[in-house]
Amino acid sequence: EIFDLTIRGGTIADDTRVFEADIGVIDGLIAAVGPNLAAGRRDIDARGRLVLPGGIDTHCHVEQRSGMGMMCADDWYSASVSAAFGGTTMIVPFAAQHRGMSLKQVAHDYAALAAEKSVIDYSYHLILSETDATTLDTDLVELIRSGITSFKVYMTYDQLKLDDYQLLDVLAVAAREQALVMVHAENNDVIRWVSQRLLERGKVAPKHHGVSHVVLAEAEATNRAIALSSLLDVPILIVHVSAREAIGTIAAARQMGAAVYGETCPHYLTLTEDAMDAPGMEGAKYCCSPPLRDADAQEALWAALKEGVLQTVSSDHAPYRFDASGKLPFGDATTFKQMANGMPGLELRLPLLFSEGVAKGRLTLPEFVALSATNHARMFGLYPRKGHLAVGADADIAIWHAERETTLTSAALHDRVGYTPYEGMTITGWPETVINAGRVIVEAGALHAERGSGRFIARTAPLPCTAPRPLSPRGRFFRALADDAAARTPAARTPEARM
Ligand code: DUC
Ligand code: ZN
Ligand code: ZN
Ligand code: ZN
């Protein structure tokens with residue numbers, strides 16, 4: 001059979017090795033990997049280029065309202081286009097349940113937006129803010145079984161946070177249904193207490209965001225999340241890890257055999273807290289939660305990626321504009337408590353990780369591939385369909401020019417945020433040609449993909465939830481208690497049950 005597409009002469013990397021070969025694509029799938037493949041209907045000359053799996057971004061906010069009620073500037077169209085230009089061929093953002101909303105309806109509505117607009121393959125996670133019986137026992141179970149096999153919970157933000165009782169309820173469902181729980185781990189009361197005192201003293205500038213989201217708040221909540229998950233011996237992923245202390249806690253738990261995983265983001269690896277000191281309101285551009293830390297934290301993060309303590313690098317793209325719609329709802333009078341939290345970074349996730357990681361010798365190419373694609377696929381139920389370049393996998397491929405230098409400007413990006421935290425920075429390496437399911441979607445700086453042409457990918461059980469490992473006796477005991485019919489009555493889920 002004739003290949004639809006042959007990629008010829010490139011240097012291929014997957015998460016274990018680097019080798020020279022051609023790739024042949026038929027009907028959106030990789031049909032052959034080897035030397036001297038036959039010509040395709042179309043040939044791409046990849047000599048002198050790197051041929052890598054397309055990136056998978058499993059933490060980004062798209063067409064979503066934040067805990068504070070702000071709407072993202074990017075919808076599924078602009079976000080997916082921006083991702084594609086940065087070498088990412090699949091995104092997994094969040095369908096967010098706010099209090100009082102039906103989880104099923106939230107997921108249904110979000111799926112419709114994605115289907116109409118995404119130019120690349122996609123799935124989504126859920127954000128849970130309610131733990132009533134309908135949410136947990138009906139809607140969540142149904143959604144997990146339909147391929148939405150992961151969800152996020154918050155330990156902070158008054159409008160989203162779950163208390164420890166609720167977290168245990170949620171973890172029990174995840175254990176039963178083999179879903180991966182992503183945890184935003186920060187201690188809400190520590191942040192509230194410090195913030196209140198700063199505000200009372202007139203300390204309202206952006207940099208005080210960093211003061212209030214103190215490392216101890218992240219470290220404490222990380223430790224508590226791990227303790228709760230250990231009670232049921234259920235896997236969790238701590239998202240956006242920023243602090244050395246949190247890394248230490250995760251590493252220690254893993255050492256003890258706990259199924260605890262960690263994610264970090266490019267901004268924690270490349271920027272420091274000083275950015276929030278910029279004059280006037282400029283610092284608001286750099287306010288995210290957890291906040292940027294110091295050079296010592298960065299060093300710990302790079303080491304944790306290298307050592308496998310953290311498994312994924314996601315963008316945590318939080319597209320809020322530097323205007324009244326996001327960062328500055330009250331103009332220059334906006335306090336650090338009123339700004340939208342988060343930074344844009346969907347398009348630059350991989351270029352930054354490549355430049356700061358691979359080009360600077362901190363990461364090998366296989367490590368880069370694992371952190372940008374393979375581990376995302378494994379951890380979120382997409383492997384072996386996605387995340388590697390092997391026969392039978394989806395032809396999701398980014399062809400990189402490893403030496404190309406680019407000076408970053410917001411104007412050259414494809415999101416709708418209007419600024420980039422990396423303005424003026426020069427990076428090395430760029431994904432010039434991007435292929436999703438055999439379609440060349442980005443080439444020579446131009447988009448060749450229709451709105452709505454991306455496909456929903458139903459996910460299987462995440463690897464952390466299925467990897468054969470003996471449950472701890474404690475986990476077995478408390479899981480049995482959670483599975484007990486009495487523990488699953490609607491009444492047991494009400495606050496009155498909390499005696
Ligand atoms: N948490 C996120 O995951 N993203 C943006 C802001 C936040 O607090
Ligand atoms: Zn064909
Ligand atoms: Zn978060
Ligand atoms: Zn996020």
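Two strands are said to pair if DSSP finds at least two bridges between them. The model discussed here is a predicted one.

**The seven-stranded sheet**

With that definition, seven strands form an open sheet with parallel pairing, in the order β8-β10-β11-β12-β13-β14-β15. At its edges stand β8 (94-96) and β15 (312-313); each has a single partner strand, so one side of each is left without a neighbour in the sheet. Helix α7 (residues 215-232) packs on this sheet, where it touches β12, β13 and β14 (260-264). The direction of α7 makes about 175° with that of β13.

How many bridges join β12 to β13? Strand β12 (residues 180-184) and strand β13 (residues 236-238) run parallel and are joined by three bridges. Within this pair, Met182 has Leu237 of β13 as its bridge partner. In general, strands of a sheet pair through backbone hydrogen bonds, in either a parallel or an antiparallel manner.

**The three-stranded parallel sheet**

A further open sheet has three strands in the order β6-β7-β9, again with parallel pairing. Its edge strands are β6 (55-57) and β9 (121-122), each of which pairs on one side only. Three bridges connect β6 with strand β7 (residues 88-91) in the parallel sense, and the bridge partner of Asp57 in β7 is Ile91. Helix α1 (residues 76-85) lies across β6 and β7 and runs at about 145° to β7.

**Antiparallel strands and hairpins**

Strand β1 (residues 5-13) pairs with strand β2 (residues 18-26) over seven bridges in the antiparallel sense. These two strands form a hairpin with four residues between them, and Phe19 in β2 is the bridge partner of Ile12. Strand β2 is also joined to strand β3 (residues 29-34) by five bridges, and these strands run antiparallel. Here Gly24 has Ala32 of β3 as its bridge partner. The hairpin of β2 and β3 has two residues between its strands.

| Strand pair | Sense | Bridges |
|---|---|---|
| β12 and β13 | parallel | three bridges |
| β6 and β7 | parallel | three bridges |
| β1 and β2 | antiparallel | seven bridges |
| β2 and β3 | antiparallel | five bridges |

**Residues with a positive phi**

Asp27 is not a glycine, yet it has a positive phi of about 50°. This residue is in the loop between β2 and β3.

The place of Gln178 is in the loop between α4 (164-177) and β12. Because Gln178 has 18 C-beta neighbours inside 10 Å, it counts as partly exposed.

**Cis peptide bonds and a buried loop residue**

The peptide bond from Ser289 to Pro290 is cis, with omega near -10°. Pro290 is placed in the loop between α9 (266-270) and α10 (295-307). Tyr383 and Pro384 are likewise joined by a cis peptide bond, with omega of about 5°, and Pro384 is in the loop between α12 and β16.

The loop between α12 (365-379) and β16 (397-407) also holds Ala393. Ala393 has 20 other C-beta atoms within 10 Å, and is therefore buried. Leaving aside residues up to four places away in sequence, Ala393 touches Leu29, Ile30, Pro384, Arg385, Lys386 and His388. Ala393 and Val25 are 368 residues apart along the chain, but their C-alpha atoms are separated by 9.9 Å.

Which residues are around ligand 1? They are His61, His184, His240, Cys288, Ser289, Asp316, Ala318, Asn341 and Gly342. By class, this shell consists of two nonpolar, six polar and one charged residues.

According to UniProt, in an unreviewed entry, the feature "domain: Amidohydrolase-related" is placed at residues 50-440. Over residues 50-440 the chain is 37% helix and 16% strand. The end C-alpha atoms of this stretch are 16 Å apart.

Key:
Residues are numbered from 1 along each chain as its sequence is written. Chains are lettered from A and ligands numbered from 1 in the order in which they are written. This is a predicted model: local features need pLDDT of at least 70, side-chain atom pairs count only at pLDDT 80 or more; totals for chains, interfaces and linings use all residues. Two residues are in contact if their C-beta atoms, placed from the backbone, lie within 7 Å. Axes are lines fitted to C-alpha atoms, for helices over the stretch in contact, and angles run from 0 to 180 degrees between N-to-C directions. A residue is near a molecule or strand if its C-beta atom, placed from the backbone, lies within 6 Å of it. Ala, Val, Leu, Ile, Met, Phe, Trp, Tyr, Cys and Pro count as nonpolar, Asp, Glu, Lys and Arg as charged, and the others, Gly among them, as polar. UniProt positions are given in the numbering used here, feature names are shortened, and annotations may be inferred rather than shown by experiment. A residue is buried if 20 or more other C-beta atoms lie within 10 Å of its own, exposed if 12 or fewer, and partly exposed in between; C-beta atoms are placed from the backbone.
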